[in-house]
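Let me put the structure up, and then I'll walk you through a few spots in it.

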Amino acid sequence: MDSIWTKTARLPRFAPLKGDLQTDVLIIGGGMAGILCAYLLRQADVDCALIEAGRIGGGATSGTTAKITAQHGLIYHKLVQAFGTETAKLYWQANQDAVERYRFMAQETGCDFEEKTNWVYSLDNKAVLEAEISAMERAGIPVQFTQCPPLPFSTAGAVGVSGQAQFHPLKFLAVIAKGLPIYEHTRALAWKPGQVRTEHGVIRAKKIIAATHFPFITNHGSFFLKLYQSRSYVLALENAPEIDGMYVDGSGNGLSFRGYGKTLLLGGGGHRTGKSGCGWQSLEDEAQRYYPQAVEVCRWAAQDCMSLDGVPYVGQYSRRTPGLLTAAGFNKWGMTGSMAAAALLTDLVLERENPFAQVFSPARSILRPQLAVNAFEAAVSLLTPKKPRCPHMGCVLKYNPHERSWDCPCHGSRFAQDGTVLDGPANGDRHV
C-alpha cells in the first residue's frame with residue numbers, strides 16, 4: 001500500500017545498468033542511507049556509482065514516519081549501562097550532527113522540514129523516565145520533562161529533546177538524487193573482493209558499500225545472528241486534533257504520533273516479522289477510541305532492522321571482506337541513522353579519522369541477550385519440516401494474512417503470493 005510519502009512525491013527515474021562498469025566506490029541500495037552515501041561522496045569529489053534492485057526510496061525509506069532525532073526511545077540509560085557515559089555522549093553527538101546536516105540540506109530541498117521537540121513517554125513507569133533523564137544529564141544531553149504530554153490518554157510523563165525535526169523523506173530524496181550516478185532495476189547478485197556481479201555485467205570498485213537495509217552477503221559478518229526485522233503499521237488520519245511535537249512510547253510496544261500538515265500519523269502494532277501480529281487492526285481500534293471523528297486517508301506498513309544492542313552496525317563488513325563496508329540495524333530510527341552512517345562511511349572511504357567509528361563498528365561484541373532469541377528463532381524455523389522456505393538461509397515461511405505475504409521469522413525476508421521478493425535479505429524470488 002502507498003504511504004503518504006509515495007502519494008505526495010515524484011522521484012526521478014534512472015536507467016538500469018547494461019554491461020560492465022568500473023568506479024572507485026560502488027554503493028548497493030537506493031534508500032536514504034545509500035543515496036546519502038552517494039551524495040556525500042560526490043560532494044567530496046569521489047568517483048562513485050549506486051545500484052538499486054528496484055526504485056530508489058521504494059523500501060524502508062517510503063515506510064518511515066520520518067522523524068529526525070537523536071533521541072531514539074529510552075536508549076541513553078541502556079547505553080550508559082552497557083558501554084559507559086563516553087560512548088553515550090558519542091552516540092548522541094553522531095546523531096545530533098546528523099540532525100544538523102539535515103537542517104542545513106533542507107534549506108535547498110523543499111522537503112517540508114519542520115523543527116519539533118521529540119518526546120518519549122511511558123504509560124506507567126516514571127522510574128524508567130527518571131533513569132533516562134539521569135543518564136542523559138550525565139552525558140551532557142539537554143533534556144526536559146513534562147508530567148502531562150498532550151496525548152489522548154494519561155501517562156507517567158515524557159522525556160523530551162528540543163531542536164529535533166520531521167520532514168517529507170521522498171521530497172528530500174528526490175532533490176539530492178538528481179544528477180547522481182544511479183542505476184535502478186539493477187540487482188547485485190554476488191560479491192567478491194573488488195567486484196559485484198549484476199544480471200547484466202560486472203562492476204569493479206575499490207570500495208563497496210552494502211546499504212541494503214539487511215546485509216545480503218550471508219557467509220561473512222554473522223549478520224544473520226546480529227539482526228532481526230520488526231514490522232509495524234501506520235494510519236494517516238484527517239479530522240484528528242493537531243499534535244505539536246513528535247511522540248513515541250518508550251516501551252517500544254505502544255503508539256507513535258506526528259503530524260504532517262493537517263494529517264495525523266498514528267503508528268504502532270509492532271511485532272517481529274514472520275510472527276503473529278494484528279496488522280492494522282489494533283491501530284484501527286485505537287483510532288476509533290481516541291479519534292472517533294477521524295477519517296483514514298491511507299495506511300502502510302514499515303519494516304525495520306533491529307541490532308543486538310540498539311546501536312546500528314556501520315563500518316567494515318567483516319574482517320575477511322577487504323574493501324566492503326556496510327550500514328544496517330537502524331532500530332526504527334533510520335532517517336537520523338542514515339545520515340550518521342553516510343557521514344561515517346564517507347570518512348572511512350576517504351581514510352579520515354572519525355570519532356564515532358568504534359561506537360558503530362560491526363566488529364563489537366555480539367554477546368547480548370537478543371543473540372539467544374535470534375538463534376532460537378532460527379533453529380526452530382530451520383528444524384520445522386514445512387514448506388515454503390526462504391531462499392536466503394532456508395527458514396520456513398509464515399503466511400501473513402493482513403498483508404497477504406509469506407514472511408520469514410528468522411531474518412525478515414518477505415514474498416508476495418506469486419513468489420516475488422518484497423523485502424530482503426533474500427536476494428531473489430522464491431519458487432512457488
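Let's start with Ser222, which sits in the loop between β10 (201-210) and α8 (223-226). Helices here are DSSP runs of H or I with at least four residues, strands are runs of E with at least two, and both are numbered from the N terminus. Ser222 has a phi near 55 degrees, which is positive even though the residue is not a glycine. Most residues other than glycine have a negative phi, and most peptide bonds are trans. With a relative accessible area of 30%, Ser222 counts as partly exposed; that word covers what falls between buried, under 20% relative accessible area, and exposed, over 50%, using a 1.4 Å probe and protein chains only.

Quick housekeeping: this is a predicted model, where local features need pLDDT of at least 70 and side-chain atom pairs count only at pLDDT 80 or more, while totals for chains, interfaces and linings use all residues. Residues are numbered from 1 along each chain as its sequence is written, and side-chain values use heavy atoms, with hydrogens and water left out.

Back to phi. Asp112 also has a positive value, about 55 degrees, and is not a glycine. You'll find Asp112 in the loop between α5 and β4 (114-122), and at 30% relative accessibility it is partly exposed.

Now the peptide bonds. Which residues does a cis bond with omega of about 5 degrees join? That would be Lys387 and Pro388, and Pro388 is in the loop between α12 (369-383) and β18 (398-400). Another cis bond runs from Gly424 to Pro425, with omega near 25 degrees. Pro425 belongs to the segment after β21 (421-423).

On to how helices pack. Take helix α2 (residues 32-43) and helix α5 (residues 85-106): their axes come within 14 Å and cross at roughly 70 degrees. Those axes are lines fitted to C-alpha atoms, for helices over the stretch in contact, and the angles run from 0 to 180 degrees between N-to-C directions. So α2 and α5 are roughly perpendicular to each other, a label for 65 to 115 degrees; under 35 is roughly parallel, over 145 roughly antiparallel, and the rest oblique. On the α2 side of the contact we have Met32, Leu36, Tyr39 and Leu40, and on the α5 side Arg101, Tyr102 and Met105. Contact, by the way, means heavy atoms within 4.5 Å. Sorting the residues of that contact gives six nonpolar, no polar and one charged. For that sorting, Ala, Val, Leu, Ile, Met, Phe, Trp, Tyr, Cys and Pro are nonpolar, Asp, Glu, Lys and Arg are charged, and the others, Gly among them, are polar.

Next pair: the axes of α4 and helix α6 (residues 126-138) come within 7 Å and cross at roughly 65 degrees. Here Tyr76, His77 and Val80 of α4 meet Val128, Ala131, Glu132, Ala135, Met136 and Arg138 of α6. This contact of α4 with α6 splits into six nonpolar, one polar and two charged residues.

How is helix α7 (residues 169-177) placed, buried or exposed? Seven of its nine residues are buried, so α7 is largely enclosed by the rest of the structure. Among those buried residues are Phe172, Leu173 and Ile176. The buried residues of α7 pack against α1 (4-7), α2, α3 (60-63), α5, β7 (182-183) and α10 (334-349). After α7 comes Gly179, with a positive phi near 85 degrees.

Last topic: aromatic rings. Rings of Phe, Tyr and Trp (its six-membered ring) pair if their centres lie within 6.5 Å; planes under 30 degrees apart are stacked, over 60 edge-to-face, and the rest tilted. That rule gives 15 aromatic pairs. One of them is Tyr76 with Trp92: the ring centres are 6.3 Å apart and the planes at 65 degrees, so the pair is edge-to-face. Tyr76 lies in helix α4 (residues 76-83) and Trp92 in helix α5, so the pair ties together parts that are 16 residues apart in sequence. Tyr76 is buried at 0% relative accessibility, and Trp92 is buried at 9%. Ring pairs also link Tyr76, Tyr91, Trp92 and Phe360 into a cluster.
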